[in-house]
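Subject: Structure handover

Hello,

The structure is below, followed by notes on what was found in it. Please read the notes with the coordinates open.

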Amino acid sequence: MLLLFDIDGTLLLKASAEHEAALVEAICSVHRITPPEGRVETAGRTDPAIARALLTLAGVDARRVDDRMEELRAATCEAYARRCPEDLTGTVSLGMAEILEHLVSAGHVLSLVTGNYEAVARLKLRRRLFKRRCHLTARAAPRCPKVDQHGYRAAPDVALECCLIQCHRMARE
């Protein structure tokens, strides 16, 4: 059986401060603005959707947001690489490592589907997410043609930048 997990709020709890700070840093750098203090809903949303909401709140034109989305992605990933703690094991949901290990040993295929930019997701997993090493293969999920045709505005909450990561087995360190 294939089982899907999200990173933030599922595998990790209270581990989003550096991610949020990296996104805000990238917005400031790429768009030369400081996002307003108003909060935007982040739960269940992709990084591009969160960025779009912050930029819209700041009054940035939708076309300008679209034109700079790739630059914003790169800047966010660079900023997160600098900010991400070396060890995220303290943020792993209670019992999650044991649950994943049990599921893998029972023959299930575990995959990760996340709204994080792919480089951010990979880094979170590499930063000692679990005390036991999880052997991973990763690839970016294919984009939906309808979304590509109509741009980010057509479906801002679709996982446009999602990453599919399969955990083949857990090995004891």
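Is R32 buried or exposed? R32 is exposed, with a relative accessible area of 69%; buried means under 20% relative accessible area, exposed over 50%, and partly exposed in between, using a 1.4 Å probe and protein chains only.

This is a predicted model, in which local features need pLDDT of at least 70, side-chain atom pairs count only at pLDDT 80 or more, and totals for chains, interfaces and linings use all residues. Residues are numbered from 1 along each chain as its sequence is written, and side-chain values use heavy atoms, with hydrogens and water left out.

Overall make-up. The chain has 173 residues, of which 42% are buried. Among contacts (heavy atoms within 4.5 Å) between residues at least 6 apart in sequence, 79% join residues at least 24 apart.

Positive phi. R32 has a phi near 55 degrees, a positive value in a residue other than glycine, and lies in the loop between α1 and α2. K14 also has a positive phi, of about 55 degrees, and is not a glycine. K14 sits in the loop between β1 (2-5) and α1 and counts as exposed at 84% relative accessibility. Most residues other than glycine have a negative phi.

Helix pair. α1 (residues 17-31) and α2 (residues 47-57) pack at about 55 degrees with their axes 11 Å apart; axes are lines fitted to C-alpha atoms over the stretch in contact, and angles run from 0 to 180 degrees between N-to-C directions. From α1, the contact uses H19, L23, I27 and H31, and from α2 it uses D47, I50, A51, L54 and L55.

Core. The largest nonpolar core holds 38 residues, and F5, L72 and Y80 touch the most other members. Such a core is a set of buried Ala, Val, Leu, Ile, Met, Phe, Trp, Tyr and Cys residues joined through side-chain atoms within 4.5 Å. Its largest share, 6 residues, comes from α4. Leaving out residues up to four places away in sequence, Y80 touches E18, H19, A22, L88, V120, L123 and K124.

Regards

Note on methods
Helices (H or I, at least four residues) and strands (E, at least two) are DSSP runs, numbered from the N terminus.
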